Amino acid sequence: MGKSRERRFRQIPFSPTGLKQRCDEENDPAEEPAAELLEKVQHPSAEVREYACASISKLLQEQQAIPAFLQRDVVRCLGPLLMDYSLAVRETAAGALRNLSACGGFEVCDDMVSKDIMTPLVALLKECSTGLDANQLSPEKCIEMDKNYIEDIANEAINLLWNVCECSSTAVHIFNKEGCLEAVLHYMKKFSTNVDLAISAANCLQAVTEDNPDLLSSFNASSQQVLETVMLCPESTMKHILLRTLTAGIIWNIKGTVPPGSLGSMINAILKIFSESLAMDAGETIIRMKEAEKNRLKLAVERETGENMSDVTKNSVLSEDYDLEEIPEGKVKKGENDISDFLPPDQRELKEVTALLMAQQTALEIIVNMCCSEDPSDDEWEELSSSDESDFMENSYNDGSGLLMSPLCLSDEVNSAFLNNLIPKKILEKTAFPNSVALDICMHNPSWKPLIKRLNAVQCRALTCLQNILLVSDMDCLGGASSLQSLAHLFSQLVFAKLELPTDTEFLEAITSALRALLQTMASKNISQCMTPEQLLALCEAGMDSDNASVKVNIVSILGISGSILAKGQDTAETLKVIGKFLLQVAMKESSLVVAGEALDALFDVFADGKEAEKAAVEIKLLPALKEFQPVFKMRMRKEGKGKYSTDQMCVLDNVKMNLRRFIAYQETLGKTPT
């Protein structure tokens with residue numbers, strides 16, 4: 001896996017304080033046509049403009065509504081409102097544009113940038129940054145001075161900036177040119193009083209600093225001091241763990257600005273933060289935080305109602321399976337005992353757990369990139385090997401807790417330390433399936449249900465980490481043959497632990513990629529394989545049912561690796577026949593040329609050598625089948641190759657085509673009887 005990340009769109013509902021009741025009293029905003037709402041954003045009344053922006057914001061969370069607004073130039077209509085004299089209008093306009101960027105995708109974000117959303121957005125970000133300290137946005141404007149309001153606007157604006165910069169290189173260029181770094185760092189400094197704003201700023205900066213060498217010169221000593229201060233913040237909430245994790249990712253992205261003498265300690269400091277987030281058990285945290293939420297709500301109700309609440313009302317509100325999301329909207333009758341307005345809308349426990357899972361996923365994604373980073377120079381090597389000489393965050397080295405030590409691809413010594421401490425204690429734990437009790441809690445509480453997807457994402461990122469570690473490390477660093485066999489046993493458990501084989505595409509891709517890397521490493525060292533032929537074929541059948549080409553490529557590669565090992569053994573011809581037939585079917589019938597090519601490559605590996613392989617090849621009539629298929633494969637490459645596959649893929653397929661010709665010639669020599 002390379003350094004690029006898949007775009008993660010955040011469909012975060014935006015509901016400005018105080019607007020819900022007014023929206024309920026008006027007609028349903030979803031029924032308002034886009035043209036009418038966009039006309040209202042030009043109304044002289046700030047309250048009407050605010051309502052129109054809030055209505056648009058709500059509608060833009062539905063993808064089917066987006067085209068109607070784009071056709072009516074919603075970006076140019078809302079853009080100027082980012083500098084409206086009304087703070088409420090600024091916030092709702094920024095929220096609407098944020099939803100548009102989050103739900104619209106890459107093309108919409110590109111379109112927003114082309115329509116010059118960056119000009120008012122950059123101006124707003126800089127004014128908000130000034131207002132955080134000066135308690136005002138601009139001396140020229142007559143607006144109310146409310147610092148919290150300014151921070152709320154800044155939070156919407158920084159999320160909008162994050163979205164467009166993740167999708168548009170032009171937006172990143174403008175970020176660099178307009179000096180937005182200072183404003184974003186200013187927001188990060190608010191971590192002690194507004195951690196949500198600091199997290200949004202850190203998310204944005206992590207995205208902007210990735211593969212952005214033009215920005216590095218803007219990071220001076222003062223900038224680095226801000227990042228170091230955030231990394232050292234003492235708060236222990238899960239939101240602060242996320243903030244520290246994101247900041248560590250930023251520092252990793254800008255490591256080129258760190259003096260060589262400080263690199264070693266910097267990396268150890270980064271890894272300590274990752275270890276902190278990965279050490280927490282997300283399943284147990286969900287159980288604990290759900291209980292805390294129930295207790296908090298119970299105490300809040302008791303304080304609010306005192307002794308006046310009837311036993312009947314108390315029992316119905318405080319039942320054991322009570323959940324806010326289970327109360328149908330509009331069904332609660334308002335009266336003196338009504339608590340719907342009192343119950344906290346922020347769901348703080350849920351947000352804390354979400355922050356932890358985001359921190360763990362982020363840490364694992366950065367470790368994946370560490371495994372793929374470019375090798376440093378010999379001089380940097382020397383500095384990294386003697387990190388005790390550095391004064392950058394001293395004492396952040398291994399604390400004996402199984403902490404990550406140093407990233408891969410730096411040196412043999414560093415790789416060894418990294419792996420010996422990382423695999424057993426941290427990443428391996430995250431490959432396990434989520435806690436069943438925690439899953440049950442999430443399944444039965446609608447507002448907590450999205451956590452299931454995040455739990456699964458953490459598991460998949462952990463598997464990807466293991467895959468990359470296996471690909472870049474030698475066997476000694478991995479702990480030897482016994483460690484690899486233990487890892488193979490773990491992977492087998494993940495695949496076969498349940499009655500039914502996994503069908504989730506993301507998990508299948510992650511586990512088959514990791515298994516492929518492991519089997520490849522084991523085969524290169526002649527270590528016995530972990531899966532029985534029956535398990536192997538069951539996994540292959542499940543994988544080939546997937547619509548994901550990467551899963552299929554992994555599956556046929558796994559078959560090729562395992563089959564080549566079996567071909568060296570004794571009495572394996574029957575199994576090799578099954579594998580050969582399976583791979584032939586894939587090569588001949590698979591719609592993807594890439595998968596078909598991989599299946600042919602696997603056949604070459606399985607039947608390259610060995611008496612058992614020769615016997616199996618004859619019995620399945622491998623040679624005539626390949627000779628018949630050869631012109632078909634060539635024709636498919638000519639017809640489908642151009643435009644459908646990348647240059648790299650076509651190079652691989654050309655190689656397969658050449659190897660097919662050679663393999664057929666080799667098989668023909670085996671079939672000749674000596675005279």
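Mentor: Buried means under 20% relative accessible area, exposed means over 50%, and partly exposed is in between, with a 1.4 Å probe and protein chains only. Please keep in mind that this is a predicted model, where local features need pLDDT of at least 70 and side-chain atom pairs count only at pLDDT 80 or more, while totals for chains, interfaces and linings use all residues. Residues are numbered from 1 along each chain as its sequence is written, and side-chain values use heavy atoms, leaving out hydrogens and water.

Trainee: Why does G563 count as buried?
Mentor: Its relative accessibility is 0%, and the limit is under 20%, so G563 counts as buried. G563 lies in helix α28 (residues 549-566); helices are DSSP runs of H or I with at least four residues, numbered from the N terminus.

Trainee: Which residues is G563 in contact with, leaving aside its neighbours within four places in sequence?
Mentor: They are L576, I579 and V606, where contact means heavy atoms within 4.5 Å. G563 and L576 are 13 residues apart in sequence, and their C-alpha atoms are 6.5 Å apart in space.

Trainee: What makes D571 exposed?
Mentor: D571 has a relative accessible area of 73%, and exposed needs over 50%, so D571 is exposed. This residue is found in the loop between α28 and α29 (573-589). Phi of D571 is near 55 degrees, a positive value in a residue other than glycine. Most residues other than glycine have a negative phi.

Trainee: Why is the pair of F433 and F507 called tilted?
Mentor: Rings of Phe, Tyr and Trp (its six-membered ring) pair if their centres lie within 6.5 Å; planes under 30 degrees apart are stacked, over 60 edge-to-face, and the rest tilted. F433 and F507 are 5.4 Å apart, centre to centre, with 40 degrees between the planes, which makes the pair tilted. F433 lies in the loop between α21 (412-430) and α22 (436-443) and F507 in helix α26 (residues 505-524), so the pair ties together parts that are 74 residues apart in sequence. F433 is partly exposed at 30% relative accessibility, whereas F507 is buried with a relative accessible area of 5%.

Trainee: What makes F629 and F633 a tilted pair?
Mentor: Their ring centres are 5.9 Å apart and their planes are at 45 degrees, so this pair is tilted as well. F629 and F633 both lie in helix α32 (residues 622-644), four residues apart, about one turn of the helix.

Notes
Helix = DSSP H or I, 4+ residues; strand = E, 2+ residues; numbered from the N terminus.
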